[in-house]
Amino acid sequence: MKGISETSRRRFLRTLLASAAFPSVNQLLASAGEVRGPLSPWARLQFPCRGGDNNNWNVWPNGDLKLIDELRATSPTNVDRRWNVANISRLETMTPFPFLFMHSEAAPELSGTECANLREYLLRGGFLFAEDCVNGKFHSDGSKDAFFRRMAEVEFSRILPEAKLERLPDDHPVFHCFHHFQNGLPHMQGIPHGLHGLILNGRVVALLSPSDIHCGWTNGDEWFGHEKRVQAMQMGANIYVYAMTAPTGG
Amino acid sequence: MSHIEWQFGGWLRDWSALGATTLLVALAVAGLIYVVWFYRHAAGALTPRARRWLVGLRAAVVLLLLLCLANPERVEKTAPPKKPSHTLTVLVDRSASMSAPDHRGGTRLAAAVRRWKQVEPSAKQNFSSVNYRRFANDVQSASSLDDAVNAGATGSETHLFAALRQALAENPAAVVCLTDGLDTSKDDAQKFAAEATAQGVPIYFVPGENHLLPGSSLELHEVQAPARVLRQTEFTATAVIETAVAKDQQLPAELWVNGKKTASTQLAVRAGHNTLSWPVTVGSGEPGSLTLEFRVGDQLASAVADVVESKTMEVLYYQGALQWGYRFLRGALESDSSFRLTAILNPALQVQLTAANGPSLTDLPEDAAELRRFQIVVLAHVFADQLTPKQQQALVDYVRGGGGVLFISPDSQATEGFSGTALEQMLPVVFATRNDPANAAVQQMQFQLSVNAAQSGDETLASGSQAITLRPFALPAGAQYSSASRLFATNSETVPQFAASAKVRSVKSGAETLAVSGVGTPEVLLARQRFGNGFAAALTTDLLWRWKLSLPSDSHAVEKFWQQLLLSLAPTSGEGLRVVKITPSAAVNAPVLFSANAEAAPVFEAISPGGARQRMTVSDASTAEHPAWVAGFAPTATGRWEVHATDAAGRQARVVFLVGEKSVSAELLNLPADVAGMKQLAESTGGALVQDAADFQAPVEAVAKLVSKTPEPLWNSGVLLVAMLGLYSTELIARRRWKLL
């Protein structure tokens with residue numbers, strides 16, 4: 001009984017705090033000219049990896065939330081602080097989100113339906129950021145770019161055969177739309193192939209990164225040093241802002 | 001000039017002369033009877049001589065008392081010296097309509113002169129001078145009424161308002177005009193009435209009427225339409241009609257587009273001359289050419305508008321906050337090369353947009369001139385504090401000058417910030433504020449969601465988020481057909497769907513609601529209104545990116561929606577080939593002139609009732625500002641003629657008109673005198689319609705009131721009082737002597 005009362009009281013107080021504090025924060029931000037506009041969603045793509053691994057897509061989810069916090073704090077993007085999941089085998093779970101983050105330690109291995117779903121999503125105007133999680137190659141083939149190479153060499157050509165995957169030059173808008181990266185993609189670990197864009201009708205519909213900036217979001221200070229962590233966060237912000245402001249490629 | 005009058009003074013001053021005299025005489029008689037009766041008692045004690053003395057003295061006292069009561073005054077009345085401005089100007093209408101005799105031989109001029117002659121003597125007496133003018137096509141001085149009525153020839157037109165304007169410029173005390181009130185110069189009667197009222201000089205009309213059988217005239221003067229219009233847009237085609245009728249009536253008019261009747265109406269025509277405009281909104285449809293043919297009575301005029309697909313539409317897009325809609329809207333517009341997009345993100349966000357296909361701008365201009373190169377400005381997710389007053393004023397000026405603004409915001413907290421701004425005054429809706437019931441309901445719902453989320457321990461709902469359901473747009477009940485409204489008329493996947501919307505308190509009067517929410521209580525989603533020469537529209541939803549993601553990739557419904565929405569909202573530009581028949585009434589063997597507005601000389605061709613074609617000679621009549629070409633020919637037969645004009649670009653315009661035996665000018669249509677119009681105009685200036693002498697009393701009396709009075713008592717009442725007391729004392733002394741006291 002006591003436990004229930006305490007829980008209810010805590011929930012009640014939390015409710016009051018939420019209802020009282022939320023508008024105040026919003027008003028404060030609004031008055032500062034920041035984080036205004038509609039909430040923008042973030043979603044992780046759920047997909048299968050080589051060897052029937054269906055549980056590798058969700059590595060280090062806290063890295064996503066840390067980037068969202070950074071985006072809300074340092075950029076004008078009003079990203080919803082929720083870790084949504086879109087399942088590649090069900091198109092209707094993907095289309096509520098204009099931006100999908102695809103990340104795993106193992107190399108993806110998509111079925112025909114899954115490729116078709118991702119193709120349809122991109123053609124409708126959705127944006128994909130696919131990145132190699134280099135850290136966990138112990139249970140993969142041991143290479144440090146298995147995800148990158150699989151996507152670049154196999155999956156993208158199955159998803160959008162008419163599109164072209166190209167390494168983006170250092171003066172590409174994705175490196176300059178919010179923060180400026182004179183030397184292109186900051187590199188955390190893995191093989192520095194550079195940031196590649198999947199280009200359809202002259203427009204970038206997906207980005208493929210080999211450099212594991214997501215690990216920079218997750219625990220960059222400890223793993224790569226503070227400067228690298230800042231670069232990873234800033235590049236994450238650039239990718240999200242670029243996706244918001246570049247035209248659809250369908 | 002002065003003269004002397006007498007009047008009673010004191011308390012009798014306000015009595016009439018007869019009343020006061022009667023009272024005084026009655027008092028005198030009564031006093032004398034009393035005096036005689038009084039001294040009759042002393043008859044035995046007085047000699048007859050003494051009695052006569054006493055009666056005489058007492059009667060003198062009574063009369064002096066009455067003289068004190070009467071207190072007669074000598075009044076000198078002096079008229080002020082006549083000033084040159086205290087003149088009366090008499091205008092005599094010498095146009096042909098005034099001299100046309102009826103079956104009894106009576107003319108309107110004679111009738112008006114007869115009326116004026118009853119009034120003229122008092123006018124001459126009370127005004128320092130009377131100036132006569134005769135007018136028709138212009139105004140001429142006359143030495144007298146006879147000179148004004150008889151000298152010179154009659155004129156072919158009546159420039160009534162011009163003549164009155166000229167007379168008022170001399171600043172007379174009053175103006176009298178002998179006329180039938182029919183101005184044939186196309187001068188604006190209401191504009192003149194406002195000028196005359198402001199000047200404060202009364203105008204008196206002496207109407208000239210007779211019993212002529214009235215005629216009528218009708219001219220479909222011209223068709224105004226844009227030269228080129230974009231596909232799937234709306235534009236306005238206007239017919240300008242001139243007509244003269246004897247009595248109020250309805251005039252049927254129709255618009256035929258490519259051989260199909262698309263609009264008809266009954267135009268209200270009042271007795272007399274009328275210049276009417278009939279604007280009709282026309283949907284352009286698909287590329288091709290549209291022949292717009294107006295038919296009014298037996299008249300017909302047409303113009304051709306080209307419907308084009310690839311005319312470049314310049315769009316300026318300004319965004320106040322980062323959001324996903326821009327990505328999809330930009331993709332939709334850039335999928336059609338006829339749209340050129342210039343995008344600006346609020347500079348405070350410090351985000352550099354990837355270059356769109358239009359010219360680059362760093363911020364919203366503060367000068368309307370810089371906005372004029374765009375057909376439409378889209379303001380998306382803008383907050384009031386992001387736009388400076390100068391930027392808002394520039395937008396207002398841009399729309400007044402013919403531009404278009406589409407305001408898009410689904411955020412009530414953002415829209416309420418515009419309350420009282422210049423931008424809000426331009427928009428077609430009034431947004432709900434925080435205290436409005438509509439918004440209060442939303443806030444209550446969000447609070448309840450927060451409570452539910454906290455109780456369930458679901459952190460993801462703690463901010464009040466909810467599952468997003470797309471809702472369809474719908475046509476408002478009773479919506480009229482238009483290109484814009486057609487976007488919401490079907491039930492297929494082409495009906496747009498939205499996720500969020502801002503609350504609208506009301507749609508402004510005169511604004512048009514184009515779309516409402518299709519589920520639940522209809523909420524206004526899209527409204528538009530004209531503002532100056534342009535328009536302003538408000539879309540209260542998000543930028544529909546969720547709808548785009550929900551549709552199959554082979555669907556282009558979203559792209560079509562945005563393109564057609566902007567096209568339907570964008571104003572048209574340019575002017576089509578316009579042919580105007582200059583000669584109002586065409587007659588056999590009399591030249592008929594036409595003008596056209598083409599840049600290069602167009603080809604004019606006349607087609608006779610029998611089908612014979614005749615090419616017309618064209619001459620340049622351009623001014624520095626406007627190109628113009630004039631062509632003419634003399635019809636050789638009566639009946640229905642056509643004139644075709646074709647410009648260098650192949651655009652055509654056509655005029656169909658009737659040719660009669662004789663030219664019938666508006667002057668000779670025998671329209672009845674516009675008595676009602678004259679009365680209204682006269683009364684608005686403080687004058688009147690003069691139909692007999694009594695109607696002109698007001699100015700005469702007004703002059704009389706200017707006479708000043710100098711009252712002077714005939715004698716000093718104190719002297720009379722002393723005389724009266726002296727006489728009374730004498731009487732008392734005499735009575736004492738004769739032992740009556």
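How many bridges join strand E3 (residues 87-93) of chain B to E4(B), and in which sense do the two strands run? Seven bridges join them, and the strands run parallel. The model is a predicted one, in which local features need pLDDT of at least 70 and side-chain atom pairs count only at pLDDT 80 or more, whereas totals for chains, interfaces and linings use all residues. Residues are numbered from 1 along each chain as its sequence is written, and chains are lettered from A and ligands numbered from 1 in the order in which they are written.

**View 1. The five-stranded open sheet of chain B has the order E5-E4-E3-E6-E7, and its pairing is mixed.** Strands (E, at least two residues) and helices (H or I, at least four residues) are DSSP runs numbered from the N terminus, and two strands pair if DSSP finds at least two bridges between them. E5 and strand E7 (203-207) of chain B stand at the edges with a single partner strand each, so one side of each is left without a neighbour in the sheet. The twist averages 25° from one strand to the next, where axes are lines fitted to C-alpha atoms, for helices over the stretch in contact, and angles run from 0 to 180 degrees between N-to-C directions. In the parallel pair of E3(B) and E4(B), Thr87(B) stands opposite Ser129(B).

**View 2. Strand E4 (residues 129-135) and strand E5 (residues 139-142) of chain B form a hairpin.** Three residues lie between the two strands, which pair in the antiparallel sense over four bridges, and Tyr132(B) stands opposite Ala142(B) in E5(B).

**View 3. Helix H1 (residues 17-40) and helix H2 (residues 48-70) of chain B cross at roughly 155°, with axes that come within 9 Å.** That angle makes H1(B) roughly antiparallel to H2(B), a term used for angles over 145 degrees. The crossing in which H1(B) passes H2(B) is right-handed, that is, the near helix is turned clockwise from the far one by less than a right angle. Among the residues of H1(B) that meet H2(B) are Leu24(B), Leu27(B) and Tyr39(B), and the H2(B) side includes Arg51(B), Leu54(B) and Ala70(B); a contact requires C-beta atoms, placed from the backbone, to lie within 7 Å.

**View 4. Strand E4 (residues 127-132) of chain A is largely enclosed by the rest of the structure, because six of its six residues are buried.** A residue is buried if 20 or more other C-beta atoms, placed from the backbone, lie within 10 Å of its own, exposed if 12 or fewer do, and partly exposed in between. Phe127(A), Phe129(A) and Glu131(A) point one way from E4(A), whereas Leu128(A), Ala130(A) and Asp132(A) point the other way. In a regular strand the side chains alternate between the two faces of the sheet. Strand E3 (residues 99-104) of chain A pairs with E4(A) in the parallel sense over six bridges, and Phe99(A) stands opposite Phe127(A). The chain crosses from E3(A) through helix H4 (residues 112-124) of chain A to E4(A) in a right-handed β-α-β crossover, meaning that, with the strands pointing away from the viewer, the path from the first strand over the helix to the second runs clockwise. E4(A) also pairs in the parallel sense with strand E7 (residues 203-209) of chain A, over four bridges.

Definitions and conventions:
Parallel < 35°, antiparallel > 145°, perpendicular 65-115°, else oblique. Contact = placed C-beta atoms within 7 Å.
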